[in-house]
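This report is meant for a reader meeting the structure for the first time. Please look through the sequence and the model below before reading on.

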Amino acid sequence: MIKFLKWLSVLSTIGMLFVLVGGALVTKTESGLGCGRSWPLCEGEIIPSDITFELIIELSHRLVSGTVGILVLILSILAWKYYGNVRETKFLAFMSISFLVVQGLIGAAAVVWGQSDFVLALHFGISLISFAAVFLLMIIIFEIDKKFDAQALSIDFALRRQFYLLFAYTLVVVYTGALVRHAKASLACISWPFCEPGLSPVDYSFIQWVQMGHRLAAGLLFVWVIYLFFRIYRNYKKHKVMYYGWTVALLLIILQVALGALIILTIANLYIALFHALVISVFFGLLCYFILLSSRSAQNERK
């Protein structure tokens with residue numbers, strides 16, 4: 001069973017990444033109404049008669065999301081049944097399914113009734129939490145036979161608090177990035193890192209404020225991750241999980257900032273924009289792993 005669950009968890013995690021990137025593709029190509037105001041059918045038909053590019057994108061995203069949803073459901077049920085004794089398993093199984101259902105309902109509501117950009121921006125963040133829960137379930141399953149174990153790691157309270165705060169702040173940054181996509185503000189500012197030469201912030205339009213607000217939020221996240229890297233390097237260099245894990249986190253956030261700049265410089269190249277969404281998803285999953293380690297460390301202190 002453990003071998004089967006490992007394969008299923010890896011497949012589910014990769015599938016969730018496809019769901020996240022697929023959602024970004026739907027937004028970037030403006031394919032949200034590719035199937036009209038019909039859900040779960042497409043134009044009210046099982047097999048649409050009028051095939052368009054937008055329909056293919058939207059329908060593919062629905063099919064992928066549905067298939068991955070089934071995989072995550074099976075993974076959650078089996079993990080709960082066979083490894084529910086592991087402290088985090090039941091919570092993560094519940095989070096995986098519940099947030100996947102919520103993001104599906106928001107997507108369906110957007111198709112049938114329409115939603116504001118501010119509500120639609122929640123969609124990506126909710127999907128991201130579901131992905132992180134599936135990712136952590138995969139980590140736990142790989143830990144079961146002790147081939148990968150970080151249970152004994154001790155993280156001091158101050159650093160744990162930094163991870164918790166960074167988790168909440170990263171969700172804010174993710175939300176502002178999703179709002180940029182939904183408000184069609186990706187090219188609201190034609191230069192980088194500032195908006196436009198000679199343009200004062202008091203003269204910004206709404207979408208320019210959305211764009212620059214996201215840049216500022218992302219910049220602060222970048223600085224925060226660098227700060228934590230030097231802190232971990234100083235105090236946890238001998239702990240491979242901490243040191244190498246946060247080194248990867250730093251590289252991801254550097255890549256994320258570079259991709260953000262390239263989106264502007266390449267005039268919103270679709271592939272770069274999708275890669276941008278992928279990188280922040282992987283970074284968030286890794287950050288959630290540090291939250292898991294922090295939670296275990298706090299529990300060990302109370303024993």
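Is isoleucine 280 buried or exposed? The model is a predicted one, and in it isoleucine 280 has a relative accessibility of 9%, so it counts as buried, the limit for that class being under 20%. Isoleucine 280 has its place in helix α8, where, leaving aside residues up to four places away in sequence, it touches Phe124, Val174 and Gln256.

**Helices α1 and α8**

Helix α8 spans residues 270-302 and helix α1 spans residues 2-28, and the axes of the two come within 9 Å of each other while crossing at roughly 140°. This crossing of α1 and α8 is right-handed. On the α1 side the contact is made by Leu17, Leu20, Val21, Ala24, Leu25 and Lys28, and these meet Leu270, Ala273, Leu274, Ala277, Leu278, Ser281 and Val282 on the α8 side. Sorted by class, the residues in this contact are 11 nonpolar, 1 polar and 1 charged.

Helix α1 also holds serine 9, which has a relative accessibility of 0% and therefore counts as buried. Apart from residues up to four places away in sequence, serine 9 touches Leu75, Val134, Met138, Ile141 and Phe142.

**Aromatic rings**

A pair of aromatic rings is described by the distance of the centres and the angle of the planes. The structure holds 13 aromatic pairs. Why is the pair of tyrosine 204 and tryptophan 209 edge-to-face? The ring centres of tyrosine 204 and tryptophan 209 are 5.2 Å apart and the planes stand at 70°, which is over the 60 degrees required, and therefore the pair is edge-to-face. The two partners can also be described by their accessibility: tyrosine 204 is buried, with a relative accessible area of 15%, whereas tryptophan 209 is partly exposed, with a relative accessible area of 46%. Elsewhere, ring pairs link Phe229, Phe230, Tyr233, Tyr243 and Tyr244 into a cluster.

**Backbone features in the loops**

Most residues other than glycine have a negative phi, and most peptide bonds are trans. Against that background, the peptide bond that joins tryptophan 192 and proline 193 is cis, with omega at about 10°. Proline 193 is found in the loop between α5 (157-182) and α6 (206-235).

The loop between α7 (240-265) and α8 contains isoleucine 267, and alanine 268 lies in the loop between α7 and α8 as well.

The classes follow from the cut-offs, because a residue counts as exposed over 50% and as buried under 20%, with partly exposed in between.

How values were computed. Residues are numbered from 1 along each chain as its sequence is written. This is a predicted model: local features need pLDDT of at least 70, side-chain atom pairs count only at pLDDT 80 or more; totals for chains, interfaces and linings use all residues. Side-chain values use heavy atoms; hydrogens and water are left out. Rings of Phe, Tyr and Trp (its six-membered ring) pair if their centres lie within 6.5 Å; planes under 30 degrees apart count as stacked, over 60 as edge-to-face and the rest as tilted. Buried means under 20% relative accessible area, exposed over 50%, partly exposed in between (1.4 Å probe, protein chains only). Axes are lines fitted to C-alpha atoms, for helices over the stretch in contact, and angles run from 0 to 180 degrees between N-to-C directions. Helices (H or I, at least four residues) and strands (E, at least two) are DSSP runs, numbered from the N terminus. A crossing is left-handed if the near helix is turned anticlockwise from the far one by less than a right angle, and right-handed if clockwise. Contact means heavy atoms within 4.5 Å. Ala, Val, Leu, Ile, Met, Phe, Trp, Tyr, Cys and Pro count as nonpolar, Asp, Glu, Lys and Arg as charged, and the others, Gly among them, as polar.
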